[in-house]
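Have the model open in your viewer and switch to a cartoon view. We will go from the overall fold down to a single side chain, one selection at a time.

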Amino acid sequence: MTKIEFRTNIADKINYTCRWVRKALTQGSDISIVILTEDSRQLTALDQALWTFSDIDFLPHAVLGAPLAARSRVILTDDGEANLPESQILVNLSKTVPASYARFDRLLELVSTDTVDRDAGRKRYVHYRDRGYALHHENVDQ
């Protein structure tokens with residue numbers, strides 16, 4: 001069963017995601033991650049941030065459908081209905097329940113301080129809870 005974690009009260013989801021990806025990639029060379037963004041604007045912002053996040057860290061990634069996506073450990077997409085590649089972790093930055101979340105080992109739900117995002121996060125929490133998932137919650141409070 002998918003392990004579902006909520007991280008809430010995030011002031012800057014893009015920056016938090018970059019820091020989380022950096023940490024996750026140090027956990028082992030077999031880690032693979034799909035990041036679902038809210039829309040193309042957020043996808044572009046995250047794509048740029050991952051390249052420029054740190055002068056000393058290299059956070060390789062690709063957008064789903066790009067030529068190098070099949071070889072990348074981190075895939076970005078704004079299409080929750082897409083046929084997502086096999087990966088262990090799905091990071092959800094969107095306000096909706098990802099269609100294929102149950103096939104991942106782990107789902108990380110990132111929820112900002114924005115009222116609309118927080119309300120959508122609560123609805124997703126209830127969705128997973130009502131389906132019997134054990135949920136972990138962490139208040140980031142950056």
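Predicted model: local features only at pLDDT ≥ 70, side-chain atom pairs only at ≥ 80, totals over all residues.

Begin with the strands: 7 of them form an open sheet, in the order S3-S4-S2-S5-S6-S1-S7, with parallel pairing. Now pick out strand S3 (62-63) and strand S7 (135-139): these stand at the edges with a single partner strand each, so one side of each has no neighbour in the sheet.

**Strand S5.** Next, select S5, strand residues 89-92. On one side you will find Ile-89 and Val-91, on the other Leu-90 and Asn-92; all are buried, so both faces of S5 are covered. In a regular strand, side chains alternate between the two faces of the sheet.

Stay here and look at the partners of S5. S2 runs parallel to S5 and is joined to S5 by 4 bridges, with Ile-35 standing opposite Val-91. S6 also pairs with S5 in the parallel sense, over 4 bridges, and here Val-91 stands opposite Leu-108.

**On to strand S1.** You have now reached the pairing of S1 (residues 3-10) with S6 (residues 106-112), which is parallel and has 6 bridges.

**The helices.** Show helix H1, residues 13-25. H1 lies across S1, S2, S4, S5 and S6, and runs at about 150 degrees to S6. Its 13 residues reach 18 Å from first C-alpha to last, close to the 18 Å expected at 1.5 Å a residue. Then colour the buried residues of H1, which include Ile-14, Tyr-16, Cys-18, Trp-20, Val-21 and Leu-25.

Helix H2 (residues 40-52) comes next: H2 lies across S2, S3 and S4, at about 155 degrees to S4.

**Last stop: Thr-8.** Return to strand S1 and select Thr-8. Is Thr-8 buried or exposed? Its relative accessible area is 16%, which is under the 20% cut-off, so Thr-8 counts as buried. Display the side chain of His-137 as well, and you will see a polar contact of 2.6 Å between the side chains of Thr-8 and His-137. Which other residues does Thr-8 touch? Leaving out residues up to four places away in sequence, Thr-8 also touches Val-111, Glu-138, Asn-139, Val-140 and Asp-141.

Technical notes
Residues numbered from 1 in each chain as written. Heavy atoms only, no water. Pairing = 2+ DSSP bridges. Helix = DSSP H or I, 4+ residues; strand = E, 2+ residues; numbered from the N terminus. Contact = heavy atoms within 4.5 Å. Axes fitted to C-alpha atoms, helices over the stretch in contact; angles between N-to-C directions. Expected span 1.5 Å × (residues − 1). Buried < 20%, exposed > 50% of the residue type's maximum accessible area, 1.4 Å probe, protein only. Polar contact = N/O pair within 3.5 Å; in protein donor to acceptor, adjacent residues only side chain to side chain.
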